[in-house]
Amino acid sequence: MTTNSSPQPAAEVAATPSRRDDAALAAAHAPRIAIESVHPSLELGRFAAKTTVGEPVEVSAIIFADGHDVLAAAVSWQDDQGQRHREPMRLVRPLGKDIWEGSFTPTRVGRHTFLIEAWWDVFGTYRDELFKKHQAGVPVSLELEEGRRLVVAAAERSGDELREALAEIHQRFQACGSDGERVGVMLEASTAQWMQTADARPHLSCSDAIYPLEVERKAAQFASWYELFPRSETDDLARHGTFDDVHRRLPLIRDMGFDVLYFPPIHPIGQAHRKGRNNTLTPGPDDPGSPYAIGSPEGGHEAIHPELGTREDFRNLVSAAAEHGLEIALDFAIQCSPDHPWLEAHPGWFSWRPDGSIRYAENPPKKYQDIVNVDFYAEDAVPSLWLELRDVVQGWVDEGVKIFRVDNPHTKPFPFWEWLIADIRDRDPDVLFFAEAFTRPAVMTRLGKIGFNMSYTYFTWRNTKAELTEYLSELNESPMRECYRPNFFVNTPDINPYFLQSSGRPGFLIRAALATMGSGLWGMYSGFELCEGEPVPGKEEYLDSEKYQIKLRDYTAPGNISYEITQLNRIRRENPALQTHLGVAFYAVHNERLLYFGKRTDDQGNFILVMINLDPFEAQEGAFELPLWEFELPDEAALHVEDLMSGHRWTWQGKWQSIRLEPWHLPFAIWRIHPVR
């Protein structure tokens with residue numbers, strides 16, 4: 001006879017009596033309540049959804065259990081200081097979908113968390129059954145005794161005030177002269193409220209994850225950006241502009257309604273392979289070079305270009321801007337001129353070619369011969385390069401800069417950004433990061449998930465009614481609505497949109513209206529208010545680009561649209577419905593060249609309608625539908641309306657109205673509406 005000494009099969013081990021008993025015990029302690037589809041969440045809590053301070057966070061989940069017992073649920077949330085709070089959730093209609101909703105309002109900036117709790121509502125179940133039986137005329141004496149015992153048990157486990165309230169309920173119950181009166185006591189709303197407070201929460205279950213929530217300051221969702229090159233703030237092409245020169249522009253930029261004043265890189269510019277006018281490789285002796293070729297013997301990313309002024313001059317400008325209600329934003333471009341001090345001090349941060357040269361930056365078909373890139377994963381770069389870059393950002397934060405526009409973040413490692421942004425914001429949660437990323441949607445969304453507070457968008461290339469409707473709708477859907485805040489820049493030093501190259505003043509007004517009304521965040525690069533659009537033939541680039549030369553401008557030149565921009569920014573400030581990209585609704589208008597949409601606050605106290613003629617050359621007209629149903633009004637009802645550009649007021653009667661928009665006059669209309677009561 002042979003002996004088999006092989007291990008006992010796993011299936012047999014699992015089937016032994018002791019294992020079976022343990023499994024049964026574990027099953028008996030498993031949650032009976034299912035909590036699914038929690039919102040807002042990103043990848044089951046891997047990343048934090050975004051909100052802003054003071055904004056209600058709407059939380060929902062699908063919650064259900066076996067049987068017919070009544071459930072109760074709450075959202076339990078913790079603020080950035082570790083203080084815990086709880087808000088009730090309610091089952092919403094239609095009841096068969098098992099959707100529960102609740103909300104809470106963060107009052108502090110910083111990382112918050114929340115989870116969903118659900119439990120068996122014993123008294124709620126009891127009241128539901130008691131009501132049904134009493135209504136059906138079924139004797140309920142036994143049920144009333146069960147209810148009395150529930151109240152007594154709740155009182156016994158409660159503290160002083162709650163115990164007294166429940167004891168008083170019990171006394172009134174006992175003093176009743178009939179079962180009908182006793183039923184009334186048990187079904188009173190106040191009884192339910194006190195019993196809910198004393199609930200022992202049997203079968204308490206929690207969501208599988210604790211969900212992070214990044215609560216940011218208002219400027220992460222609502223701000224108007226203005227971009228300028230400080231070196232062009234001069235009255236003489238032979239004289240480099242300075243920080244002191246920027247002071248005179250501050251009142252004008254403020255008066256146009258802007259909140260953020262953004263500068264391209266302000267650091268020393270290298271000489272090696274310096275670019276000349278219109279991106280030529282043969283610069284003249286006085287060509288200032290591209291500010292994105294960062295670094296020279298005067299310093300690198302931590303330094304200031306000597307011709308702009310001193311560090312004290314910069315500090316004075318930050319302070320003066322703040323006095324005008326403007327916040328300075330800086331460019332954070334992780335790239336180097338071949339003259340950057342890092343190449344000599346830290347050659348191990350770069351990738352060198354076999355012949356000892358270093359590859360310059362490219363983004364085909366664009367070439368940047370004056371720029372070289374660091375290698376984040378070079379042997380000598382981890383972690384010293386990462387720490388150096390973090391210290392660069394922190395250094396500017398220490399100078400009072402709280403907003404950074406990050407150049408091409410999608411070409412740098414995701415783990416680097418997730419670490420750096422968290423590190424900086426852990427120390428100062430008011431710091432914001434703006435992603436200059438024009439790339440694939442999944443990549444742009446990922447940048448939002450890992451910490452970027454806002455991003456450039458495809459808005460620049462969305463011009464038709466169908467394109468704009470689809471894109472604005474996409475931004476309002478998950479996962480983008482939870483993590484991606486669009487900043488609708490109408491132009492940049494790098495992008496002279498084809499639409500603006502030939503559409504004249506009406507085209508600039510159209511794009512300004514789309515940007516300001518479409519998103520809580522929008523921006524423009526100086527010259528837009530002058531309708532500058534002369535291109536390099538066949539390219540989305542500016543002829544005589546300011547990236548390579550100093551540019552003089554007369555901001556009062558005839559044909560400017562500064563007044564209209566001022567009005568658009570004023571309208572945004574005065575109407576909370578316009579201070580986000582969320583909540584857009586498109587309505588019917590019988591013309592494919594007219595874009596018609598609305599935005600409103602949750603309480604409908606602020607309801608805005610926007611109509612934009614997308615044709616910069618021809619007048620467009622058509623019948624359009626008033627959203628009377630949004631106010632639960634019949635088709636023949638009336639609405640008060642105010643034209644927010646002109647201030648004119650009148651009343652619309654009936655569901656269908658008509659409009660004509662002439663681009664040479666004003667290619668858009670913005671109305672604030674409310675019902676006639």
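Mentor: One term first: buried means under 20% relative accessible area. And keep in mind that this is a predicted model.
Trainee: Okay. Which residues in α19 are buried?
Mentor: S562, E564, I565, Q567, L568, N569, I571 and R572 are buried in α19.
Trainee: What covers the buried residues of α19?
Mentor: The cover includes β11 (223–227), α18 (504–518), β20 (521–525) and β28 (668–675).
Trainee: How many residues has α19, and how far does it reach?
Mentor: Helix α19 has 13 residues, 562–574. From first C-alpha to last it reaches 18 Å, close to the 18 Å expected at 1.5 Å a residue.
Trainee: New topic. What order do the strands of the open sheet have?
Mentor: The order is β18-β17-β16-β13-β12-β11-β20-β19, 8 strands with parallel pairing.
Trainee: Which are the edge strands?
Mentor: β18 (454–455) and β19 (487–489), and each pairs on one side only.
Trainee: How many bridges join β16 to β17?
Mentor: 5 bridges, between residues 403–407 and residues 432–436. V406 stands opposite A435 in β17.
Trainee: And where does helix α12 lie?
Mentor: Helix α12 (residues 384–398) lies across β13 (327–332), β16 and β17. Its angle to β13 is about 165°.
Trainee: Is E630 buried or exposed?
Mentor: Buried, because its relative accessible area is 17%, and the cut-off is under 20%.
Trainee: What does E630 touch?
Mentor: Y587, R600, Q604 and F607, not counting residues up to four places away in sequence. With R600 there is a side-chain polar contact of 2.8 Å.

Key:
Residues are numbered from 1 along each chain as its sequence is written. This is a predicted model: local features need pLDDT of at least 70, side-chain atom pairs count only at pLDDT 80 or more; totals for chains, interfaces and linings use all residues. Side-chain values use heavy atoms; hydrogens and water are left out. Buried means under 20% relative accessible area, exposed over 50%, partly exposed in between (1.4 Å probe, protein chains only). A polar contact is a pair of N or O atoms within 3.5 Å; within protein, one must be able to donate a hydrogen and the other to accept it, and residues adjacent in sequence count only if both atoms are side-chain atoms. Contact means heavy atoms within 4.5 Å. Helices (H or I, at least four residues) and strands (E, at least two) are DSSP runs, numbered from the N terminus. The expected span of a helix is 1.5 Å times one less than its number of residues. Two strands pair if DSSP finds at least two bridges between them. Axes are lines fitted to C-alpha atoms, for helices over the stretch in contact, and angles run from 0 to 180 degrees between N-to-C directions.
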